[in-house]
Amino acid sequence: MPGNGKIAICPGTFDPVTLGHVDIVERGLAVFDRVVVAVAEGARKQPLFSLEERAALLRETFRDRKGVEVKTFRGLLVDFTRQEGAKTILRGLRTVSDFEYEVQMASANRFLASDVETLFMMTDNRYSHLSSSLIREIVALGGTTAGMVPDCVQKLIDQKCKEGRR
Ligand code: ADP
């Protein structure tokens, strides 16, 4: 990648982005010149936030972070990775159950594209309990997620709750 620097693709559904995700991207920047946050549509029929909202919240979160770009993608992650001129997929790991799923995904991606490598970063202890599904559950039960998600995410959650949409 002449002139491009080292790029990592950080994929996920980010419904919504949590401080755990933010930590992985921030730490990724210490290793890579650029981190492209790749937002996938996701399989949930009723996401908390639409694809566009999720991407907009990520852009707001990393607004002042040079080196972070947010893009949405459809189709195979390895195709998107190549399209971006990258060779590395960066994923976070929390638990043994994460590990099982991640091994399968990394192996599948390696089979599809042997030139693309998957790298894992262990979660920071402060965020090891955080997941997007936990956030969605707390929201559905009427609790607050302040301190678990970026401020802009909390604001939009509060707004949606006020409007009675959730
Ligand atoms: P997916 O829908 O592909 O599982 P997510 O949006 O839930 O994507 O997560 C994207 C990536 O961030 C995954 O690699 C996941 O393991 C990682 N991740 C999620 N929460 C945390 C956390 N609290 N600490 C570290 N990594 C995390």
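The legends below describe close-up views of a predicted model.

**View 1. The largest pocket and the residues at its centre.** The largest pocket holds about 1000 Å³ of space, and of the 46 residues that line this pocket, Pro11, Gly12, Thr13, Arg91 and Glu102 are the closest to its centre. Sorted by class, the lining consists of 20 nonpolar, 14 polar and 12 charged residues.

**View 2. Helices and strands that contribute to the pocket lining.** At least two lining residues of the largest pocket come from each of β1 (7-12), α1 (19-28), α3 (77-83), β4 (88-93), α4 (96-112) and α5 (132-140). Among these elements, α4 gives the most to the lining, with 7 residues.

**View 3. The β-α-β unit built from β4, α4 and β5.** Strand β4 pairs with strand β5 (residues 117-122) in the parallel sense, and the pairing extends over 6 bridges. Within this region, leucine 90 stands opposite leucine 119 of β5, while β4, α4 and β5 make a β-α-β unit that is right-handed.

View 4. In the side chain of threonine 13, an N or O atom is 2.7 Å from an oxygen atom of the ligand, and in the side chain of histidine 21, an N or O atom is 3.2 Å from an oxygen atom of the ligand. With tyrosine 127, a polar backbone atom is 2.8 Å from a nitrogen atom of the ligand.

Note on methods:
Residues are numbered from 1 along each chain as its sequence is written. This is a predicted model: local features need pLDDT of at least 70, side-chain atom pairs count only at pLDDT 80 or more; totals for chains, interfaces and linings use all residues. Side-chain values use heavy atoms; hydrogens and water are left out. On a 1 Å grid over the protein atoms alone, a cavity is a set of points where a 1.4 Å probe fits but cannot get out, and a pocket is an open set with protein on both sides within 12 Å along at least five of seven lines; lining residues have an atom within 4 Å of a point. Grid points are joined across faces, edges and corners, and a volume is the space filled by probe spheres set on the points. Helices (H or I, at least four residues) and strands (E, at least two) are DSSP runs, numbered from the N terminus. Ala, Val, Leu, Ile, Met, Phe, Trp, Tyr, Cys and Pro count as nonpolar, Asp, Glu, Lys and Arg as charged, and the others, Gly among them, as polar. Two strands pair if DSSP finds at least two bridges between them. A crossover is right-handed if, with the strands pointing away from the viewer, the path from the first strand over the helix to the second runs clockwise. A polar contact is a pair of N or O atoms within 3.5 Å; within protein, one must be able to donate a hydrogen and the other to accept it, and residues adjacent in sequence count only if both atoms are side-chain atoms.
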